[in-house]
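The following exercises are to be worked with the sequence and the coordinates at hand. Each task is followed by a solution in steps.

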Amino acid sequence: MPRRSVVQEKTLPNRTLVVDNGAYTIKAGFSSPSPSLEDCHTIPNCLARERDKKVWVGSEIESIRDFGEVAFRRPVEKGYLVNWEAEKAIWDSTFLWEKSRLHCDPHDTNLILTEAPNTTAALQTNCDQVVFEEYEFASYSRHVGPSLNAYHDIQTLFGEPPRDSHLPATPAECLLVIDSGFSHSTVTPLYKGRPIQQAIRRLDVGGKLMTNYLKELLSIRHYNLMNEEHLVNEAKEKVCYVSNAFRQDLERTWKGTSKKGRDEQSNHLDIVVDYVLPDYNAGVHGYVRPHDASLAARVKKVGAMANPSGVVEDFMTLGNERFAVPELLFNPTDVGMKEAGLPETVLQSLGGLPPGLWPAMLANIVVVGGNCLIDGFMERLKTEIRQLAPTECIVRISKATDPIKATWLGGASMAADPALLKTIQVTRQEYLEHGSGWLSKVFAGTTIR
């Protein structure tokens with residue numbers, strides 16, 4: 001008589017670490033029964049080398065005082081984790097260093113990790129091997145980053161009553177997630193928390209491309225800032241905005257040489273601003289101030305000018321750079337990219353779905369990622385998607401409460417349900433028994449345990 005197989009109930013550690021491994025920052029924290037944004041910590045996902053060759057790792061970068069010509073090395077390129085040598089150095093200082101806020105023992109910790117949509121099988125296998133063979137986490141699951149947003153209380157973003165907090169976290173039935181981050185922007189339709197693979201679309205415009213474009217513009221028009229990534233990125237975050245009337249704003253910044261042009265421009269002085277460069281020796285960050293045309297003219301003659309306090313300062317007068325840079329999200333053809341803008345990419349994604357799902361997807365669009373914090377971004381996106389969407393469909397678009405930490409919070413909400421956690425986690429024992437090929441099929445949903 002054949003021996004009856006004994007099914008053992010899976011036991012998992014009580015501690016779960018949720019890691020949203022972004023290209024610019026890592027969002028990480030331990031899950032709790034009632035997770036909140038305060039439980040999430042943001043760590044720079046890079047190594048930095050100063051002029052004197054000193055190397056700073058991860059959260060140590062926050063201690064740098066002089067960012068002049070600091071060179072950054074990032075383990076994530078084009079949205080994909082390709083350099084585990086650098087990533088391991090960052091993870092070791094973040095999760096294994098005893099004085100770290102996120103210190104843990106991997107043998108007694110569950111890991112929930114995000115990845116970019118359409119990650120190649122080779123990179124996925126490499127990631128699984130590092131997690132289970134290098135760090136030896138007790139259990140692990142790998143998720144497409146945008147899919148974790150389905151575990152939020154989505155309807156509250158659209159003004160609906162919140163769901164019962166006593167009920168287990170269940171994913172939204174239909175959700176369209178627009179994630180515009182550092183490396184790229186993606187549109188991911190979700191059905192019951194799982195991405196619909198054939199409808200995922202990607203736009204290769206993100207924060208990095210916009211920073212590089214701004215570096216080129218400033219280096220041509222003002223100072224050579226090609227080696228000042230941190231400075232230019234800081235300036236981009238403070239001065240850039242998305243224009244809802246691009247051509248009109250462009251004309252306003254061009255006018256000003258004639259008296260008529262100056263009179264027309266006087267009503268739109270908020271477009272042209274002065275950005276005062278940081279003084280790292282004095283510990284002064286860069287800041288924006290209203291444009292002073294007379295001061296700019298004197299500086300052209302005598303060089304740098306002292307402010308009323310007697311401190312010599314350098315500044316740049318910024319006009320159309322402010323809105324021409326984020327315009328790439330909506331018109332990548334401005335720099336020769338043969339791709340559609342973000343609103344058109346949303347419609348391309350819907351084209352990969354059955355028409356019956358269109359109304360539900362258009363009525364539940366959630367935007368995450370750092371780029372949606374740019375002034376005017378949400379208004380422009382809503383306007384253009386409504387113009388392109390079928391007239392019979394209701395379009396509802398909302399920004400997550402915290403677009404940067406939203407994905408992490410979705411993962412923490414999922415991990416707060418012990419029963420759900422057991423169904424998604426794979427233990428290290430299972431990995432050692434079945435191998436990486438089986439693990440890839442489990443995470444892809446093509447095999448049943």
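A polar contact is a pair of N or O atoms within 3.5 Å, of which, within protein, one must be able to donate a hydrogen and the other to accept it. The model is predicted.

**Exercise 1. Describe the surroundings of N320 and identify the residue whose side chain forms a polar contact with the side chain of N320.**

Solution. 
- Step 1: Locate the residue. N320 belongs to the loop that runs between β19 and α8.
- Step 2: List the contacts. Leaving aside residues up to four places away in sequence, N320 touches R221, L250, T253 and W254.
- Step 3: Examine the side chains. Those of N320 and R221 are joined by a polar contact of 2.7 Å.
- Step 4: Compare sequence and space. L250 is 70 residues from N320 along the chain, and their C-alpha atoms are separated by 6.1 Å.

**Exercise 2. Determine how α3 and α4 are oriented, and which residues meet.**

Solution. 
- Step 1: Two packed helices are described by the angle between their axes and the distance between the axes.
- Step 2: Read the values. For α3 and α4, the angle is about 100 degrees and the axes are 9 Å apart.
- Step 3: Classify. Angles of 65 to 115 degrees count as roughly perpendicular, so α3 is roughly perpendicular to α4.
- Step 4: Name the residues. From α3 come G207, M210, T211, L214, K215 and L218, which meet E229, V232, N233 and K236 of α4.
- Step 5: Sort them. The contact of α3 with α4 comprises four nonpolar, three polar and three charged residues.
- Step 6: Widen the view. Helix α4 (residues 229-239) has the buried residues L231, V232, N233, E234, A235, K236 and V239. The elements against which the buried residues of α4 pack are α3 (207-221), β15 (273-276), β16 (287-290), β19 (315-318) and α8 (321-324).

**Exercise 3. Carry out the analysis for α2 and α15.**

Solution. 
- Step 1: Read the values. Helix α2 (residues 121-135) packs with helix α15 (residues 436-444) at an angle of about 110 degrees, and their axes are 10 Å apart.
- Step 2: Classify. This angle makes α2 roughly perpendicular to α15.
- Step 3: Name the residues. T125, D128, Q129 and F132 of α2 make the contact with S436, L439, S440 and F443 of α15.
- Step 4: Sort them. The contact of α2 with α15 has three nonpolar residues, four polar and one charged.

**Exercise 4. Is P332 buried or exposed, and which residues does P332 touch?**

Solution. 
- Step 1: Locate the residue. P332 is placed in the loop between α8 and α9 (342-351).
- Step 2: P332 counts as buried because its relative accessibility is 1%.
- Step 3: List the contacts. Residues up to four places away in sequence not being counted, P332 touches L203, V205, M337, E339, A340 and G341.
- Step 4: Compare sequence and space. P332 and L203 are 129 residues apart in sequence, with a C-alpha to C-alpha distance of 8.9 Å.

Key. Residues numbered from 1 in each chain as written. Predicted model: local features only at pLDDT ≥ 70, side-chain atom pairs only at ≥ 80, totals over all residues. Heavy atoms only, no water. Buried < 20%, exposed > 50% of the residue type's maximum accessible area, 1.4 Å probe, protein only. Helix = DSSP H or I, 4+ residues; strand = E, 2+ residues; numbered from the N terminus. Contact = heavy atoms within 4.5 Å. Axes fitted to C-alpha atoms, helices over the stretch in contact; angles between N-to-C directions. Parallel < 35°, antiparallel > 145°, perpendicular 65-115°, else oblique. Nonpolar A, V, L, I, M, F, W, Y, C, P; charged D, E, K, R; others polar.
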